[in-house]
Amino acid sequence: MTSVSQIHDFIQKEQLNDDLLIVLDIDNTVMKMNKNFGSDQWFNWQSGLLGTSDQSSLVISFDELLELQNVIFNLSHMSPVEEGTKSFIEGFQKQKIPLVALTSRGPSMRSNTLRELNRAQIDFSHTAIKG
């Protein structure tokens with residue numbers, strides 16, 4: 001399933017609640033960049049250009065690409081992928097279904113990731129797995 005609404009509909013249809021864990025990828029499932037620049041798709045495109053002579057490449061190395069991505073995240077904003085994302089997540093939480101937010105973003109991008117989740121009023125801490 002690739003959207004929060006599909007997960008919601010499946011859970012409701014199958015009446016699932018017990019022994020359920022929902023894992024949501026932040027990028028392109030929960031949140032998306034407001035512009036293509038800096039998006040997951042843009043990052044993958046730029047990553048594919050590394051080591052080529054393509055003039056569209058903005059950096060020389062993968063480390064530089066990660067640094068650039070971090071700068072873009074610091075200067076940009078994100079929005080929920082779907083209009084109902086926040087409501088669906090809150091509904092899962094009211095049902096006490098554990099939610100995990102997954103990301104391939106590194107630790108240096110934690111603060112801007114949390115900033116954008118907070119801007120969208122999406123909070124995974126209510127049903128976070130306690131260790």
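These are my notebook entries on one predicted protein model.

**Ground rules**

I number residues from 1 along each chain as its sequence is written. Because the model is predicted, local features need pLDDT of at least 70 and side-chain atom pairs count only at pLDDT 80 or more, while totals for chains, interfaces and linings use all residues; side-chain values use heavy atoms, with hydrogens and water left out.

**Entry 1: the whole chain**

I began with the secondary structure and found 5 helices and 4 strands. Helices (H or I, at least four residues) and strands (E, at least two) are DSSP runs, numbered from the N terminus. I read the order from the N terminus as α-β-β-α-α-β-α-β-α. I then looked up the box that the C-alpha atoms fill, and it is roughly 55 × 25 × 25 Å along the principal axes.

Next I checked burial. Buried means under 20% relative accessible area, exposed over 50%, and partly exposed in between (1.4 Å probe, protein chains only). Of the 131 residues, 35% are buried.

I also looked up contacts, meaning heavy atoms within 4.5 Å. Among contacts with a separation of 6 or more, 73% join residues 24 or more positions apart.

**Entry 2: helix α3**

I tested the length of α3, residues 62–75. The expected span is 1.5 Å times one less than the number of residues. For the 14 residues of α3 that should give 20 Å, and the end C-alpha atoms are 20 Å apart, which agrees.

Which residues of α3 are buried? I found L65, Q69, N70, I72 and F73. Seen down the axis, these buried residues fall within an arc of 165°, so they line one face of α3. The arc is that of the directions from the helix axis to the C-beta atoms. On the other side of α3, D63, E67 and L75 are exposed. The buried residues of α3 pack against β2 (31–33), α2 (40–49) and α5 (110–119).

I placed S76 in the loop between α3 and β3 (78–80). A polar atom of the S76 side chain lies 2.8 Å from the backbone oxygen of I72. Leaving out residues up to four places away in sequence, S76 touches M33, R115 and E116.

**Entry 3: helix α5**

I turned to α5 and found N112, T113, E116 and L117 buried. They cover an arc of only 140° around the axis, which puts them on the same side of α5. R110, S111 and N118 are exposed on the other side. The cover over the buried residues of α5 includes β2, α3 and β3. After α5 comes Q121, and its phi is positive, near 60°.

**Entry 4: W45**

Is W45 buried, exposed or partly exposed? I found W45 in helix α2. Its relative accessible area is 42%, so W45 is partly exposed. S57 is 12 residues from W45 along the chain, and their C-alpha atoms are separated by 8.9 Å.

**Entry 5: the core**

In soluble globular proteins, nonpolar side chains tend to be buried together. A nonpolar core is a set of buried Ala, Val, Leu, Ile, Met, Phe, Trp, Tyr and Cys residues joined through side-chain atoms within 4.5 Å. The largest one here has 26 residues, and I22, L24, V30, M31, F92, I122 and F124 touch the most other members. The elements giving two or more residues to this core are α1 (4–14), β1 (22–25), β2, α2, α3 and α4 (85–94).

I followed up L24. Not counting residues up to four places away, the contacts of L24 include V4, I7, V100 and F124.

Key
A polar contact is a pair of N or O atoms within 3.5 Å; within protein, one must be able to donate a hydrogen and the other to accept it, and residues adjacent in sequence count only if both atoms are side-chain atoms.
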